[in-house]
Amino acid sequence: MSRTFLGLPAAPPRAPRSTGNLRGSEPFPAAAHTELGNTQLRRNVGKATRTIRDKRLAVTGELPDWEELRSAGAAVKADVLARLPELLEQFEAAVTARGGTVHWARDAAEANEIVTGLVRATGSDEALKVKSMATQEIGLNEHLESEGIAAVETDLAELIVQLGHDRPSHILVPAIHRNRAEIREIFQREMPGVDPDLDDDPEQLAAAARTFLREKFMRCPVAISGANFGVAETGTLSVVESEGNGRMCLTMPETLISVMGIEKLIPAFADLEVFLQLLPRSSTGERMNPYTSMWTGVTDGDGPQEFHLVLLDNGRTAALADKVGREALHCIRCSACLNVCPVYERTGGHAYGSTYPGPIGAVLTPQLAGMHEQSHDPNASLPYASSLCGACYDACPVKIDIPSLLVELRHQHVEQAPPRGEAAVMKAASLAMSSAKRFTTAQRAARLGRVLGGADGRISSLPPPLNAWTGSRDLPAPPRQTFREWWDSAEGRGTIDEARRESRGGAQ
Ligand code: SF4
């Protein structure tokens, strides 16, 4: 006899705490403090973001229907998330009908296992990679390495990060924190067979990377990609990029494995018309990205003969279940919000501790991986990593209201883990204010705090738990007199009488 479950369904799982790159090792303020001390990084990031910002404004300004395009993008994404299960099934059926194999991964650990098994089945101990945020999110490179498989990044910026044993610091330009001299030094140190006289001219650096990668493209039988979009209607996947290395990965190996977050779906092929205008203009400030690759299943004698698609959840259904936070899943990872963010511009991406930095990372990371109740969870500090200036909302091509989402996450965090010091202070204030006598006594007692004020009458350091307040701002020293004392004094009475006389005079 079958059983009927009448209880409440369990909450969808968040991304696991231990696998992947969705949680840093220290809270944002501490990490940002370290990064702020790196003047070279601030100079590199500031210069690059200013350049991309100006280009984006120029190319978005030339489209008379830019606002309509943004609205269309937002509407398509809202539609996708409203009927995600149905579209995913349609997508799976379309991919399978075209000769692809679809795998479902609940979390990072499952996705890593699936991809490792697929690479191993090809007999190769090396796999090429097209730049992919999803595989960074799940820590695929690290997992493959632990299994004796070398993952080789083919996007130039990703290659610089990989050879430099570094971490990406930007969604689109992962090596934004490096300048040309640093890149030359990394290539000379890490790239086998590189010209020892290599100079830091961008063309020479690109040529060195090309030579290094060409040999791999010719030899490696398996590649791993991400996907910018998956079309439910046709089972088509798409990757947009600037260098053509991605296209080599997508066409040359025998086996292609794509890892795609389930929110990257769009319903119909025609919807690409909207997103292929929004994405390049918002991300690199170009009218059209140089390479747009699309593939649908496998084709006899042309391109990879085996195609596997790993559909990744890793906390996405948990974000989807949050009716406010689900808007973050509209993100098409263009990075426009990073490039306009005054906080990101000063700290760079590493301070966020996640694959997803910047304003959208501050929303998406806690949504995917949770802000565990403990106040020391680094993810719990991310919603506060913003001045809420609103520039990210203005820049976002799919109109994600990032500032409102950050405020909502702050609210959720306080609900989950009310700051203990603040709660105690509020309780004490409520007790004092509920009786005039107690309030007067408390005011008199507070006057003792004048001894803590400096010559300028400001208190810049209080003992715990009040140090949480003075850690980031000064407090005026308590006044010599309370307002009631002043009101009852000769000076107060004189001032009030004078004000009365003036007001009577003005009324005549
Ligand atoms: S939130 Fe908007 S602006 Fe930021 S990366 Fe995503 S789509 Fe781009």
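The lining of the second largest cavity is made up of eight nonpolar residues, three polar ones and no charged ones. In this grouping, Ala, Val, Leu, Ile, Met, Phe, Trp, Tyr, Cys and Pro count as nonpolar, Asp, Glu, Lys and Arg as charged, and the others, Gly among them, as polar. The structure is a predicted model, in which local features need pLDDT of at least 70 and side-chain atom pairs count only at pLDDT 80 or more, while totals for chains, interfaces and linings use all residues. Residues are numbered from 1 along each chain as its sequence is written, and side-chain values use heavy atoms, with hydrogens and water left out.

The second largest cavity has a volume of about 60 Å³. A cavity here is a set of points, on a 1 Å grid over the protein atoms alone, where a 1.4 Å probe fits but cannot get out, and lining residues have an atom within 4 Å of a point. Points are joined across faces, edges and corners, and a volume is the space filled by probe spheres set on them. Among the lining residues are C341, P342, V343, L388 and C392. Helices α15 (342–347) and α17 (391–395) each supply at least two residues of this lining; helices (H or I, at least four residues) and strands (E, at least two) are DSSP runs numbered from the N terminus.

Across the whole structure, the search finds four cavities of 30 Å³ or more.

At 2% relative accessibility, S335 counts as buried (under 20% relative accessible area, with a 1.4 Å probe and protein chains only). N314, also not a glycine, has a positive phi of about 45°. N314 is found in the loop between β10 (306–312) and α13 (316–321) and, at 1% relative accessibility, counts as buried.

Finally, the axes of helix α19 (residues 420–433) and helix α20 (residues 436–446) come within 6 Å and cross at roughly 120°. Axes are lines fitted to C-alpha atoms, for helices over the stretch in contact, and angles run from 0 to 180 degrees between N-to-C directions. The two helices are therefore oblique to each other, a class left over once angles under 35 degrees (roughly parallel), over 145 (roughly antiparallel) and 65 to 115 (roughly perpendicular) are set aside.

Key
On a 1 Å grid over the protein atoms alone, a cavity is a set of points where a 1.4 Å probe fits but cannot get out, and a pocket is an open set with protein on both sides within 12 Å along at least five of seven lines; lining residues have an atom within 4 Å of a point. Buried means under 20% relative accessible area, exposed over 50%, partly exposed in between (1.4 Å probe, protein chains only).
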